[in-house]
Amino acid sequence: MDEVRTLVDGRGLVESPRWHGDRLYFSDWTAGEVVAVGQDGASEVVARVESLPLCTAWLPDGRMVIVSSPDGRLLRREPDGSLATHADLGRPGWNDVVADGRGNVYVNRPGFDPMAGEEFAPGAVALVRPDGSVREAAGGIDFPNGMAVTPGDSTLIVADSYGGRLEAFDIGADGELSGRRTWADLGDGVPDGICVDAENAVWYADVPNRRCVRVAEGGAVLRVVDLDRGGFACVLGGPGGTTLFVTAAEWRGMTEPEPVAPGSGRVFAVEVDVPGAGRP
């Protein structure tokens, strides 16, 4: 039985866990906060952005970028804590984000707003280059969600929540995406946030199935960590890179006034055998 311990409790819709330096960073979408927390549970708010979604990534130079979804901007947190516009994404409705080691940033968006009850339309992934230019890099993804870049900046993996699969793209030297393929068919899995480990396996968090699952390329299930509430995202970190951090909350539904039960947001931690690799 996995020993799942609680690192943070009493939060709202928690998402986008990222390990950087010696701390875990996560977003509380309900509060509009990006929070840093140490292994002892001591935390501080490092940015406030009224956005839902509210996802983050780290540039190679150590600065954080933050998706400001309602106004269609990608923000950059400067060393003094101020926020600057990194790129104008041109429209609202953006979701998850990941950066590669060259400074390219990938941001995705669904093609519809499920919280507003809009009809389904497939989503896309945009490429934001270091100069701030933005272009669509991949389209036709049912519901793009968590993303990860494999070691060596060779592959972008995108969780398709509605498709129940992980999609992979080759990353070119210029950041362009090609060679689209299904990396893993997850059966009844509903992948949200994802991360990669040093054995080229992917962990994905699953909200409706209340779990976090490690899968090999092709879809073979390697390990399952059961949760007592919906798992929204996960990342590998800690001193040896072998702590799996999972953001989780009691899910009510996209069309509910409060999608998660107030105060049910937690950050869980569980020890695993294989350390993290790639990004995030």
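Predicted model: local features only at pLDDT ≥ 70, side-chain atom pairs only at ≥ 80, totals over all residues.
Residues are numbered from 1 along each chain as its sequence is written, and side-chain values use heavy atoms, with hydrogens and water left out.

Stay with alanine 220 for a moment. Alanine 220 is partly exposed, at 44% relative accessible area. The classes are buried under 20%, exposed over 50% and partly exposed in between, with a 1.4 Å probe and protein chains only. Leaving out residues up to four places away in sequence, alanine 220 touches Arg214 and Val215. A contact means heavy atoms within 4.5 Å. Aspartate 185 is 35 residues from alanine 220 along the chain, and their C-alpha atoms are separated by 8.9 Å.

Now take the whole chain. The protein chain has zero helices and 25 strands. Its C-alpha atoms fill a box of roughly 45 × 40 × 40 Å along the principal axes. Of the 280 residues, 56% are buried. Among contacts with a separation of 6 or more, 44% join residues 24 or more positions apart.

Next come the sheets. Strands of a sheet pair through backbone hydrogen bonds, either parallel or antiparallel. Two strands count as paired if DSSP finds at least two bridges between them. Axes are lines fitted to C-alpha atoms, for helices over the stretch in contact, and angles run from 0 to 180 degrees between N-to-C directions. Within this sheet, β4 and β5 pair antiparallel over five bridges. Alanine 36 has glutamate 44 in β5 as its bridge partner.

A further open sheet of four strands runs β10-β11-β12-β13, again with antiparallel pairing. Here β10 and β13 (134–141) are the edge strands, each with a single partner, so one side of each lacks a neighbour in the sheet. Neighbouring strands are turned by 20° against each other on average, direction ignored. Five bridges join the antiparallel strands β11 and β12. Tyrosine 106 stands opposite leucine 127 in β12.

Which residues of the largest nonpolar core touch the most other members? They are Val34, Ile66, Leu74, Val97, Val105, Val107 and Val128, out of 32 core residues. A nonpolar core is a set of buried Ala, Val, Leu, Ile, Met, Phe, Trp, Tyr and Cys residues joined through side-chain atoms within 4.5 Å. The strands that each supply at least two residues include β4 (33–37), β7 (64–68), β8 (73–77), β11 (105–109) and β12 (123–128). β7 gives the most, with four residues. Beyond its neighbours within four places in sequence, isoleucine 66 is in contact with Val34, Leu54, Leu74 and Leu83, among others.

Charged pairs complete the picture. A salt bridge is a side-chain nitrogen of Lys or Arg within 4 Å of a carboxyl oxygen of Asp or Glu. The count comes to 24 salt bridges. One of them joins arginine 11 and aspartate 28, at 3.1 Å from N to O. Arginine 11 lies in β1 (residues 5–11) and aspartate 28 in β3 (residues 23–28), so the pair ties together parts 17 residues apart in sequence. Both residues, arginine 11 and aspartate 28, are buried. Glutamate 78 bridges to arginine 76, with the closest N and O atoms 2.8 Å apart. Glutamate 78 is buried at 16% relative accessible area, and arginine 76 is buried at 15%. Arginine 211 and aspartate 206 meet at 3.6 Å, N to O, and both are buried. Finally, Asp142, Asp160, Arg165, Glu167 and Arg180 are linked in a network of salt bridges.
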